[in-house]
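Thanks, everyone. Please bring up the structure.

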Amino acid sequence: MNAQIALILGQDGITNGAIYALLALSILLVFTVTRVLFIPQGEFVAFGALTMAAIQAGKPVLLVWLLLAFALAEAAADLMARAKRPGRNRGLWRIGVKVIYPLILAGLLYQLPLAQLPMAVQALLTLLLVVPMGPQLYRLFYQPIASASTLVLLIVSIAVHLALVGLGLLAFGAEGARTAPFSDASLTLGPINVNSQALWVVAVSAVLIVVLYQFFERSMYGKALRAAAFNRLGARLMGISPIFAGRATFFLAALIGTVSGILIAPITTMYFDSGFMVSLKGFVGAIIGGLVSYPLAAGGAILVGLIEAFSSFYASAYKEIIVFTLIIPVLLWRSLKSHHVEEEDE
């Protein structure tokens, strides 16, 4: 390996690591607020990329009917909850909006010339379609068991992930897809040419990372969301709604996942089940951060991207094994640092 190859591998590693950093922060965000290890995070990456590809190809976007099905189920759940609390008729219009929204979006998707739209409009349609599924998933699958143990929440996450993978196969098919790049320009830096798409990925990821860090570490509202995870009853008594906190967190997670899918779709071919492997590498970064530190999670994800890139050069057949083996020394080190005091049996 010479210096030029090392720089090229470093570029690929930083580009992939930026995406992993976004997903690591998203997983950490959901866990700190709701105690949910959000395994379906990768599905938003795949759905975002494949929806963008379907729009650019002018194909029917079948995912909108899944959005409608979730909206109908959510409306039914809300009506059942209201039936148990008679006399509260306020907010019925919100239930109607939840059902009307996917119908309006479906009309737009089937009437507009999708393939001829500007790329910014295509990306906006993708966000409008995929991101609302985040709060829907929370309302349907996590909100009813918000007080359950972390293990139960993990089992539910696995079930939701498997269901979404199957629905993704039904909506997009087994064929892979790739979108057009945001721009075809390239920048020459010494002996290497930097693709403009890689610059887009790094720039957007850096902006989102800074915004998330500032929001959750500096703002009172971000701290209030985190407080809802530690004591739901105490947060409610202080005027913090755990339900709203959960829905807002899942909305942010879906937004980050969808944006990540749009960013990487021009770089790599995405399939209906590709999101799981991408989010799993983000999870490794979150583990390096101890599921508590946003900067360490972002740094760990960048490290994962760099190790993956250099492993693909030296041992491409074992690069996935090398990446996931990183969890073992990190967990050993953290177990040695932690000092748990076992309660004595009385």
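One definition to begin: a contact here means heavy atoms within 4.5 Å. Keep in mind that this is a predicted model. Now take the contacts in the protein chain between residues at least 6 apart in sequence: 78% of them join residues at least 24 apart.

Next, overall build. The protein chain has 15 helices and two strands. Its C-alpha atoms fill a box of roughly 75 × 70 × 35 Å along the principal axes. How does the radius of gyration fit a compact globule? For 346 residues, such a globule would have a radius of gyration near 20 Å, and the protein chain has 21 Å, so the two agree.

Now the surface. The accessible area of the protein chain is about 17300 Å². Carbon and sulfur atoms account for 69% of that. Of the 346 residues, 46% count as buried, with the cut-off at under 20% relative accessible area.

Let's zoom in on helix α5, residues 119-130. That is twelve residues, reaching 16 Å from the first C-alpha to the last. The expected span at 1.5 Å a residue is 16 Å, so α5 comes close to it.

Which residues of α5 are buried? Gln122, Ala123, Leu125, Thr126, Leu129 and Val130. Look down the axis of α5: the buried residues fall within an arc of 160°, so they line one face of the helix. An α-helix has 3.6 residues a turn, so residues three or four places apart point the same way.

And what do the buried residues of α5 pack against? Five helices are on the list: α2 (41-57), α3 (63-83), α4 (92-111), α6 (133-142) and α11 (242-264).

Methods. Residues are numbered from 1 along each chain as its sequence is written. This is a predicted model: local features need pLDDT of at least 70, side-chain atom pairs count only at pLDDT 80 or more; totals for chains, interfaces and linings use all residues. Side-chain values use heavy atoms; hydrogens and water are left out. Helices (H or I, at least four residues) and strands (E, at least two) are DSSP runs, numbered from the N terminus. Buried means under 20% relative accessible area, exposed over 50%, partly exposed in between (1.4 Å probe, protein chains only). The arc is that of the directions from the helix axis to the C-beta atoms. The radius of gyration is taken over C-alpha atoms; the globule rule is 2.2 Å times the number of residues to the power 0.38. Accessible areas come from the Shrake-Rupley method with a 1.4 Å probe; for residues, only the protein chains shown count as cover.
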